[in-house]
Amino acid sequence: MEKNELGMTHKKKEFSEWYPELLIRSEFIDYSLVSGAIVFRPSAYFAWEIIKDYVDKEFKKIGIENVYFPLFIPESLLLKEAEHFEGFSPEVAWVTHAGKSELSERLAVRPTSETIMYYSYAKWIRSWRDLPLRYNQWNNVVRWEFKNPTPFIRTREFLWNEGHSVFASEQEARAERDQILGIYLKALRELTCLYGIVGKKTDYEKFAGAVESYSIELVMPDGWCVQGPDFHYDGQNFSKAFDIKFINKESKEEYAYQNTYAISTRVLGVMVATHSDDKGLVLPPKLAQKQVVIVPIPARSEDIDKKLQDYSEKVLNTLKEHGLRAFIDNRDNYTPGYKFNEWELKGVPFRLEIGKKELESNTVVIAIRDTSEKKGVSLDKLIEAIDNEIEAMHNRLYENSKRMVQSFIHNIESYDELKKNIANGGIYHAPWCGSTDCEIKIKQETGAKITNIPLDQSDLHGRCIYCNKEARYMANFARSY
Ligand SMILES: [Zn+2]
């Protein structure tokens, strides 16, 4: 096989061709027979497991418990909260038959689990002593979207956590927001090396059934936004629809206060799109299933090659004992150059090259995936060097992500600036009066929606770019996947 058959044919600047080619050629995912439903191959699923395990551990530390609810939701239950149902009904996939017999009631394949969970919550919650109730489930959901599917970003089935908390007071419920968004932000920064913009959704864009929604907005390298992890304060909307009542400390019956929150496999798409390059995948070192590949460079002498093999094994054991995910590429039917290209394409963060020279001097050469730098290091300093390189690469990727996102943010004062530039992507930070009318008109005329209203409003000034009334918010307008 020739090198160019294995490698990428599109450059990152040809983003819409490059992104799917990257995911397929690097063997991160594969397509399935169902349009919009992708296969997570081992390195993608491994990365998701690391995110999931981290978030799960942090949830448990603050008292959130895991549960599992059924995949199927009876239609009558889904209809209970009208606004919520309106929001999801066009995308619901229905089970209508069992074998050849028609079911007496259609069953929805869960698009999200509010309804089925709150049916049980209403039975379980009786008194203030039962609260707070903070349950989470890790599962898959189905939303039969008709827009163009994009792997991870817009797929008909995805994996996520759905947290559903119940509190006795509005104040307690609202206090959960910073806890949860803090965990998500830390997962994005510490694992995926992604920078996001935290803000509040507008009433028009908020989650169906929520009082207020908050999101961490992420940005793809083409300047289009992707909604990342989110948190919704639902107030008493669902507790009233599902009759989740409790006897409070004053012996009075009261409706409970609720929140919902989620992080999904979408973040994997933004992660690989952000960090990868013309050569292929670049994976953040803490999420890479394979962190270090050792490539022995044969010397065409049986004796030396045998010693190279032993030396490589020794290096491998040193790395493994330190907990690093390392392996030797011993395949004898490929050249070292071919192997270099393959592991670069697949995003292994570090490659150790070991030839005759390294063998004789007790050293290795470390090649670093994202910078293409090569460094010689002695074997006794190897662990220290790799640890430092992991930290350095991690910080580099995060800083690059932050720089990229910030470079897409443009402070504008006029609607003309938005109309003129929106086709190039980007986030337009602009004064807005707060009216849904202006928001909808801007969306219809430019395709840009308000991704969110950043929590930090210290720069509030000026007049609405659409109607020229005094601004109430500084909002971020962008095209969004
Ligand atoms: Zn306005």
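A residue is called buried here when its relative accessible area is under 20%, exposed when it is over 50%, and partly exposed in between, using a 1.4 Å probe and protein chains only. In helix α11, the buried residues are Y338, K339, F340, E342, W343, E344 and L345. Because seven of the ten residues of α11 (residues 336–345) are buried, the helix is largely enclosed by the rest of the structure. After α11 comes G347, with a positive phi near 80°. Helices (H or I, at least four residues) and strands (E, at least two) are DSSP runs, numbered from the N terminus.

A word on the model: this is a predicted structure, in which local features need pLDDT of at least 70 and side-chain atom pairs count only at pLDDT 80 or more, while totals for chains, interfaces and linings use all residues. Residues are numbered from 1 along each chain as its sequence is written, and side-chain values use heavy atoms, with hydrogens and water left out.

Now to the domains, whose bounds come from an automatic or database domain assignment.

| Domain | Residues |
|---|---|
| domain 1 | 27–275 |
| domain 2 | 292–390 |
| domain 3 | 408–478 |

Between the C-alpha centres of domain 1 and domain 2 there are 43 Å.

Next, the zinc site. Four SG atoms, from C433, C438, C464 and C467, coordinate the zinc ion at 2.3 to 2.4 Å; donors are N, O and S atoms within 2.8 Å of the metal (3.2 Å for Na, K and Ca), and water is not among the atoms, so sites may look incomplete. Along the chain these donors have the spacing C-x4-C-x25-C-x2-C. C438 counts as buried because its relative accessibility is 6%, whereas C467 is partly exposed at 28%. The angles among the four donor atoms run from 104 to 122°, and the site is tetrahedral (four donors with all angles between 85 and 135 degrees).

Finally, the largest pocket has a volume of about 1200 Å³, the space filled by probe spheres set on grid points joined across faces, edges and corners. A pocket is an open set of points on a 1 Å grid over the protein atoms alone, where a 1.4 Å probe fits, with protein on both sides within 12 Å along at least five of seven lines; lining residues have an atom within 4 Å of a point. Of its 50 lining residues, E91, R143, E205, Q227 and K449 are the closest to the centre of the largest pocket. Domain 1 and domain 3 each give at least three residues to this lining.

Technical notes: Four donors count as tetrahedral if all angles lie between 85 and 135 degrees; four count as square planar and six as octahedral if opposite donors are over 155 degrees apart and all others between 65 and 115; anything else is irregular.
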